[in-house]
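This report describes salt bridges, pockets, a surface patch and backbone details of the structure shown below.

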Amino acid sequence: MMDKFLSLSSPFCPLYLVPTFGIAVLWLRSSQSWTFQEALHYLWQQSRQNCRSIGVDGLWALFQMLCLRVPLAAWHLALFQWAYDAILGLSPGMHWGFVLNHAWEAFLGTVLTMLAIDFAAYAMHRALHELPGLWWIHRLHHAAEFLTPFSTLRQNPLEPLLLNGARGLAAGVMLGALHLLLPSETPIWTIAGMGPGFLLYMFTVNLHHAPLPIRYPQGLRLILISPHIHHIHHSKAPEHHGKNFGVIFSFWDRCLGTYWDQEVSLGELQFGIEA
């Protein structure tokens, strides 16, 4: 069982959690002018005060890791393969024949597929909020009154099916279209068998649900979703509703009018949903 939590495909792998913890402590020291001991004490006190919410998050995370991980991977792969074959079936046995060297093909395939997956995640996340039937599914995630990395997997079992399905379809469509255009069908780059977009998500998702509104520098916020941006998304404040649906990249929100950025102080926002 521990292998499921410690593998690189788990958000709770030490490779992701240790940097998250380090960044959290450094942010507290910088933003609050606290000592290392004061930062650790604050995190400990917060975990004690919110142990019930953390416990619920942990149970949902345990359920998803133990019961849904394999079916979700199979579901993602099946939809990817179906979409990929459907796109290639539009022109069976034919390619449009744009020729690039293998390095450029791999770069183009990797970047465009990563962007397609992230846009699909944005679109599905927005649908989960804006369509009443889907909000009923997604509201469990927003019921968390205290954010921790475990909050990532506090989800109705139908939610990861929708999200993974959207990502699988987007990846299949994009890669199929690229392989119609590029005859070499160069595979995308992977790191330890995983795409760079997936790894980038894994390195950032714990910060998004850490109990601290960490704010990236302006230049980085032009590209990536800053943790405080996702905190605003979880906020109870009416002016924050319907904002910041992005998962990795911030430009979907910026281009589609759902981006909201403001500096958030420690403890300023309240999370959860109204009764």
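## A network of salt bridges

Arg 215 has a relative accessibility of 32% and therefore counts as partly exposed. The model is a predicted one, in which local features need pLDDT of at least 70 and side-chain atom pairs count only at pLDDT 80 or more, whereas totals for chains, interfaces and linings use all residues. Residues are numbered from 1 along each chain as its sequence is written, and side-chain values use heavy atoms, with hydrogens and water left out.

The side chain of Arg 215 meets that of Glu 263 in a salt bridge, at 4.0 Å from N to O. Arg 215 lies in the loop between helix H8 (196-208) and helix H9 (218-221), and Glu 263 in the segment after helix H11 (251-256), so this pair ties together parts that are 48 residues apart in sequence. Glu 263 is exposed, with a relative accessible area of 61%. A salt bridge here is a side-chain nitrogen of Lys or Arg within 4 Å of a carboxyl oxygen of Asp or Glu. Helices are DSSP runs (H or I, at least four residues), numbered from the N terminus.

Arg 221 and Asp 261 form a salt bridge as well, with their closest N and O atoms 2.9 Å apart. Because Arg 221 lies in helix H9 and Asp 261 in the segment after H11, the pair ties together parts that are 40 residues apart in sequence. Arg 221 counts as buried at 6% relative accessibility, while Asp 261 counts as partly exposed at 28%. A network of salt bridges links Arg 215, Arg 221, Asp 261 and Glu 263.

The structure holds five salt bridges. One of them joins the side chains of Asp 57 and Arg 154, at 2.5 Å from N to O. This pair links distant parts of the chain, 97 residues apart: Asp 57 is in helix H4 (residues 51-88), and Arg 154 is in the loop between helix H6 (132-142) and H7. Asp 57 and Arg 154 are both buried.

The largest pocket has a volume of about 1500 Å³. It is lined by 47 residues, and His 76, Asn 164, Arg 167, Phe 198 and Tyr 201 are the closest to its centre. At least two lining residues come from each of H4, helix H5 (102-130), H6, H7 and H8. The lining of the largest pocket comprises 24 nonpolar, 19 polar and four charged residues. In this classification Ala, Val, Leu, Ile, Met, Phe, Trp, Tyr, Cys and Pro are nonpolar, Asp, Glu, Lys and Arg are charged, and the others, Gly among them, are polar. A pocket is an open set of points on a 1 Å grid over the protein atoms alone, where a 1.4 Å probe fits, with protein on both sides within 12 Å along at least five of seven lines; lining residues have an atom within 4 Å of a point. Points are joined across faces, edges and corners, and the volume is the space filled by probe spheres set on them.

The second largest pocket contains about 450 Å³ of space. Among its 17 lining residues, Phe 21, Leu 43, Thr 148, Pro 149 and Pro 211 lie nearest its centre. Helix H2 (14-32) and helix H3 (36-49) are the elements that give two or more residues to this lining, and H3 provides the largest share, with five residues. The lining of the second largest pocket has 13 nonpolar residues, four polar residues and no charged residues.

## A nonpolar surface patch

Trp 75, Trp 136, Leu 158 and Leu 161 form a nonpolar patch on the surface, with about 410 Å² of accessible area together. Patches are made of residues with over 30% relative accessible area and no salt bridge, nonpolar side chains (Val, Leu, Ile, Met, Phe, Trp, Tyr) being joined within 5 Å and like charges within 9 Å. Accessible areas come from the Shrake-Rupley method with a 1.4 Å probe, and for residues only the protein chains shown count as cover. Leu 161 belongs to helix H7 (residues 158-181) and is partly exposed, at a relative accessible area of 33%.

## Positive phi angles

Ser 33 is not a glycine, yet has a positive phi of about 55°. Ser 33 is placed in the loop between H2 and H3 and counts as exposed, at 63% relative accessibility.

Asn 244 likewise has a positive phi, near 60°, in a residue other than glycine. Asn 244 lies in the loop between helix H10 (227-234) and H11 and counts as buried, at 1% relative accessibility.

Key: Buried < 20%, exposed > 50% of the residue type's maximum accessible area, 1.4 Å probe, protein only.
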